[in-house]
Amino acid sequence: MIAYLLRRFLSAIIVIIGIMLVTFTMLHIISPSPARAVLGIKASPAQIAGFNHAHGYDRPLPQQFLTYMNQTLHLNFGFSFKLNQSVTDLFKENAGRSALLSGVSVTIAVLIAVPLGIFQAVKRNSVADYTLTAVSFTLYSMPIFFISLVLIDIFALHLHVFPFEASQATTVVGVLKNPRSMVLPVASLVALSVAGYSRYMRSSALDNLAQDYIKVARAKGLSERAVLWRHLVRNSSLPMVTLIGLSIPDLLAGNLITEQVFNYPGLGLLFFNSLGTEDYPILLAYTLVGGILVVLGNLIADIALTFTDPRIRLT
Amino acid sequence: MGRSIVRRVRLPFVAVLAGALVLAACGSSSSGGGKGGGGGNTGNTSTTAGAYGTLPAQVGTPKPGGTVSYGIEAGSQPTYIMPITPGADSSVYDASFQYLLYRPLYWTPEGNRAIIDPDLSLAALPVYSNGGKTITINMKQTYKWSDGKPVDAQDVLFWIDELRAAVRENPANFGNYTKGNFPDNVVSATAPSTYQVVLTLKRSYNPNWYTDTQLNIISPLPSTAWNIASTGGPHLDFTNPANAKKIYDYLNAQSKKVATYATNPLWQVVDGPFKLTSFSATTDANTMVPNPTYGGQKPVFSTLKAEYFASSTAEFNAMLAGKLSVGEVPADDLPQLPRLKSQGYNVYGYPDLGFGYIVFNFKDTTDNWDKIVGQLYFRQALAHLEDQAAIVHGAFHDAAAQDYGPVPAVPATAYVPSNAATNPYPFSVADASKLLSSHGWKVVPNGTTTCVSPGSGPTNCGAGIPAGQKISITIPYTNDPPVAGQETTQLASAAKQVGINITPVAKTFNYIVSQYADPSAPQNDNKWQMENFGGFSTDIYPTTDEIFNSGGSFNQGGYDSTEANTLIKNSKFSSDPNAVEKEASYLTQNLPALFTPNEDRIYAWKGVSGPPDSFANLTQFAFTPEFWFVTGK
C-alpha cells in the first residue's frame, strides 16, 4: 500500500506539472498578454507596454513559466488584475462556501439516491419503478438553470416559503446559521444529482440481485431487510464510491449556474468571470487547484474501493 | 467625469420564465425635470424623446431615515477606492463608487443631458485666456473634507502631482491617461490664492475639448491628510516629485487592501455626500452613511447599501421580490416588466452618450476587400441594408434608439449634426441594389453579385476591382450580448438579397478586440473584413479622436481620411465651438463604420423618490442618491 501511494504521489506530481504547462502554454497562445483584456480596448500602446513590463509579459515565455513555477512552489499565486486582491485571498473567501454547497448537495443526493436505487431495483418494472424512472429522466434532462428558476419562482416569489437568494454570509459559519436560505440552491443541485446517481445505483443493484450470494442469503432465512442492507447496499455501492470521488473537483467549479442564479458567489463564478477578463493569475491558480483535486479525487476513490470491496488490492 | 469607456458587456444569462411581452417605446414631449428637492408634485411625469418609459415627478416631501439599496453586479463591482484609478480597475462603476465619497472637480451629466452640471461641481466653469493657454479655475468655498479642512486649490494640485507620479511610474497606473494629454499638456499648475487654480498649457486647445475631456478627470484629494508615505508617518511636501512618488506608492498599496476600505482612517477623509461604513472583500458589497460635512445636498435617509448580485437574473429576482430600491433592468428581462411594475417599480431608460458600430477593415487586401470597402458607394449600400428599426424592435425590445453617426440624435446633445437627426441611409434593399448596379456591379439577388464594369470612372466598380470580383465578407461578432449576433445576422440576411455573401462568426469580445484590430494586431489585418464588438461610450465632448483618425490608438479598422483627420484635429485644437459637430457630420456621411442602435440603459426604482434628474442620470452612469428620500411605498 505504501509503495502504491508513493507511486501515485509521484505520478500525481508529473500530472500536475503537465497541467500547469499545458494551461500556461494554451493561455499564452490564445493571448500572449492579457493587457488588452484587462486595461480595455482604449488602452494606449504605452499603457499596454507598461502593464506588460510590470507583470513580466514582455519576457520570453520559458522565463515566464519558470517564474510562475517558482512563485507556485512558494505558494504565491499572484494578484488578481481585475479584483484587486491576492488570488490566495480570493480562494480563501470563496472556497469554503463553494465546498459547503457542493458537499451538502452531494451528501444529500447520495443519501437519497442509494435507497431510491435499491428500491427501484427491488421493485423493478412496477408502477413505482416506472414512475420514478420517468421523474429521474425528466429531472436529468432539465438544465440546472431551469430547475433553479422554477424553484425560485414558485417557492420564493409566489409562495414566499424560502428566500429568493442563497445566504449572503461571507463565511461558512455564517451560511450555516441561515440554513433556510440554502434550501432552494441545494434542492436544485440535489434534484439533478439524484436523478443520475439513482440510475447508477439501480443498475448496480440489479446486477447484484442476480448474484448467487443474494440467493444464499435469502435461503439462509435472513430477513429481506437484512439481505438488502447488509449485503446488497454495500456491494452495489461500489460505483457510487467512484462517482463521489470523481465529483470532488465539482467542489471547486461545478456550481457556476447555481451560484449565478441564487446569487451565491463562489469559485465557479470567480473562474467564469476571470475567463471573460483574462485574469491570468486566477485562471492559472484555478486549473492548478482543479488538477490537484482531480488527482486527489481519483486517489480517494481508489483507496475507498479497497475498503468497500476486499477483492480489490492496490499494487 | 472622465468616462471614455467601452460599452459594458453583460454576463450571458438565460431566458426567464413568463410569457414575452414586447413593450413599445414611448415619449414624445420635450425633456423636463429639474433639480431641487421639496415640492409635492403628484401625478406628473416628464418624457424625453427617445426615452423608454417616463420619469415620475417627485412624490411627497423628504422625510429623514430609511435605507436605500441598489445593485452591483459581478464584473461591475468597485475594486479601487483612491481616485487615481489604474487601468485594470478603471470603470464607470468604480468611478460611481468613488464619487459618492470623493467628488470630482466637474460633475457630469446634468440629468440625462451630457453637459457639466455647475451645481454639483466643486468649481465654477473654467475661464480660458492668453489665447487659450491659460486656464483659471475658481473653486467654490462651500465644500469641506470630513476632517474639517476646506476643499481648496491645494487639493487639486495634490491630485495633479500624484497623477504625474503615477503615470511616470507606469502609464497603466491611470486608466484615463493618454500620453501627451493631461497632465503632460500642462506646463505648470499653481494656486495664486486659496481657492484658485491656474493651469498653463503647452499650447492652446479647443476649450470645449479641454474642459470636457481633460479637466473633467480631476478629482481633488485631501492634501493635508493623504500626503504621507507610511501609516502614521510625517506629512510630506507633495510638490517634490520624489515625495509625490512615495505618497503615490503608499496610497496605491493601501488601495490594494480592499478588506480595510471601511476601517482605514485614510478613506474616512471624504468630501462627498457619503462615508463608507462597511466593505466586503468577497463581493465588494458596501454600506455608506451620510457625510454630515458635505457641502452640497445632504442625504436625508440613513443608509445607502450596495448589494452584490452574481448575475442580472439574481438582481432582477431581488426586484421581483421587492427587496431592492434601485436596480438595472437588462434587455433580456424587458418582457417581464409588467411583473416589476405590478410591484410598484418606476421604470425609465435612455441611451448613454456614445455609439455602436460594425467596424470596416480598410487594411485587408485579401480578395481586393480594401479596394471594395474603400468605395463610399459600397459602404452606403451596406448602410441601406441595415434595418435599424427592426433591430430596435426585435433585438432590443424597443429599448434602444437608432444611431446614424458617432454623435446620435438620442441622447440629445448640443453636438448632434443635422444629417444625423434622420437616417441618411434608410433601410432599402432597392437602394442598395441601385447603388451597386449603378457602379458596375451585376446584382444577382440571392445569388452572387459580380463586378462587370471594372475601372475608376463614376459608373465603374472602382480602382483595383477586377471584372468578376465577388463580394464575400466574414464578420466576427461578440457573442455577448446576443444583440451583436442579431445585428450581424440581419445584415447578412439583407445582403444576401443583393448577392453579397456575409458569414457571421461568433467570437468572444476579448478575442475580437485583441485579434481583429489594426493598432494592436496588424499581423491579422488580412483575416477579417468587418467586425462587431459593440461600441464606445464617449465623453460629453464626443470627438472620435483616437477612434477614426489615422493612427488612432483604437482605430480598429485603419480608417484613413484626410478630411476626417483635419476635422478631428480641429475638434481638439481649434477654437471653433462647432468643430465636433462638423466632425460628426462628415463621419455620418462618410461612413467609417456601420453605425448601430444605441441600447437604452434601463433602471427601475421603488420606495424612493426625488427630483427626476437624480433618476435620469442613472442612465448616464452617474449616481446622485443624495437627492433621494425613502417613501416606503
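This is a predicted model: local features need pLDDT of at least 70, side-chain atom pairs count only at pLDDT 80 or more; totals for chains, interfaces and linings use all residues.
Which residue with a positive phi follows α10(A)? G221(A) follows this helix, and its phi is near 95°.

## Chain A as a whole

Chain A contains 16 helices and zero strands.

Of the 315 residues in chain A, 38% are buried. Contacts between residues at least 6 apart in sequence can also be sorted by their separation: in chain A, 71% of them join residues at least 24 apart.

Helix α4 of chain A runs over residues 61-73 and has 13 residues. From its first C-alpha to its last, α4(A) reaches 18 Å, which is close to the 18 Å expected at 1.5 Å a residue. After α4(A) comes L75(A), with a positive phi near 60°.

Helix α10 of chain A covers residues 212-219. A residue needs 20 or more other C-beta atoms within 10 Å of its own to be buried. The number of buried residues among the eight of α10(A) is zero, so this helix lies largely in the open.

N84(A) is found in the loop between α4 and α5 (87-122) of chain A. This residue is not a glycine, although its phi is positive, at about 60°.

Is N84(A) buried or exposed? N84(A) counts as buried because it has 22 C-beta neighbours inside 10 Å.

## Packing of α6 and α9 in chain A

Two packed helices are described by the angle between their axes and the distance between the axes. In chain A, helix α6 (residues 127-141) and helix α9 (residues 183-209) have axes that come within 8 Å and cross at roughly 130°. The two helices α6(A) and α9(A) are therefore oblique to each other, and their crossing is left-handed.

On the α6(A) side, the residues that meet α9(A) are S136(A), L139(A) and Y140(A). Their partners in α9(A) are A191(A), L192(A), A195(A), G196(A), S198(A) and R199(A). By class, this contact has five nonpolar residues, three polar and one charged.

## Packing of α13 and α14 in chain B

In chain B, helix α13 (residues 562-573) packs with helix α14 (residues 579-590) at an angle of about 155°, and their axes are 8 Å apart. Angles over 145 degrees count as roughly antiparallel, and α13(B) and α14(B) are therefore roughly antiparallel to each other. The crossing of α13(B) and α14(B) is left-handed.

The residues of α13(B) in this contact are E563(B), A564(B), L567(B), I568(B), N570(B) and S571(B). In α14(B), they meet A579(B), V580(B), K582(B), E583(B), Y586(B), L587(B) and N590(B). The contact of α13(B) with α14(B) has seven nonpolar, three polar and three charged residues.

## Loops of chain B

Where does L591(B) lie? L591(B) is in the loop between α14 and β22 (593-596) of chain B. L591(B) has a positive phi of about 50°, although it is not a glycine. With 22 C-beta neighbours inside 10 Å, L591(B) counts as buried.

Cis peptide bonds occur in other loops. T108(B) and P109(B) are joined by a cis peptide bond with omega of about 5°. P109(B) has its place in the loop between α1 (92-101) and β6 (127-129) of chain B. F182(B) and P183(B) are also joined by a cis peptide bond, with omega of about 0°. P183(B) lies in the loop between α2 (153-169) and β8 (186-193) of chain B.

## Where the chains meet

How many residues of chain B are in contact with chain A? There are 42, and they are in contact with 42 residues of chain A. On the chain B side, β1 (5-6), β12 (303-309), α5 (312-320) and α12 (509-515) each supply at least two residues. The element that gives the most is α5(B), with five residues.

By class, the residues on the side of chain B that touches chain A divide into 23 nonpolar, 16 polar and three charged.

Technical notes
Residues are numbered from 1 along each chain as its sequence is written. Chains are lettered from A and ligands numbered from 1 in the order in which they are written. Axes are lines fitted to C-alpha atoms, for helices over the stretch in contact, and angles run from 0 to 180 degrees between N-to-C directions. Helices (H or I, at least four residues) and strands (E, at least two) are DSSP runs, numbered from the N terminus. Angles under 35 degrees count as roughly parallel, over 145 as roughly antiparallel, 65 to 115 as roughly perpendicular and the rest as oblique. A crossing is left-handed if the near helix is turned anticlockwise from the far one by less than a right angle, and right-handed if clockwise. Two residues are in contact if their C-beta atoms, placed from the backbone, lie within 7 Å. Ala, Val, Leu, Ile, Met, Phe, Trp, Tyr, Cys and Pro count as nonpolar, Asp, Glu, Lys and Arg as charged, and the others, Gly among them, as polar. A residue is buried if 20 or more other C-beta atoms lie within 10 Å of its own, exposed if 12 or fewer, and partly exposed in between; C-beta atoms are placed from the backbone. The expected span of a helix is 1.5 Å times one less than its number of residues.
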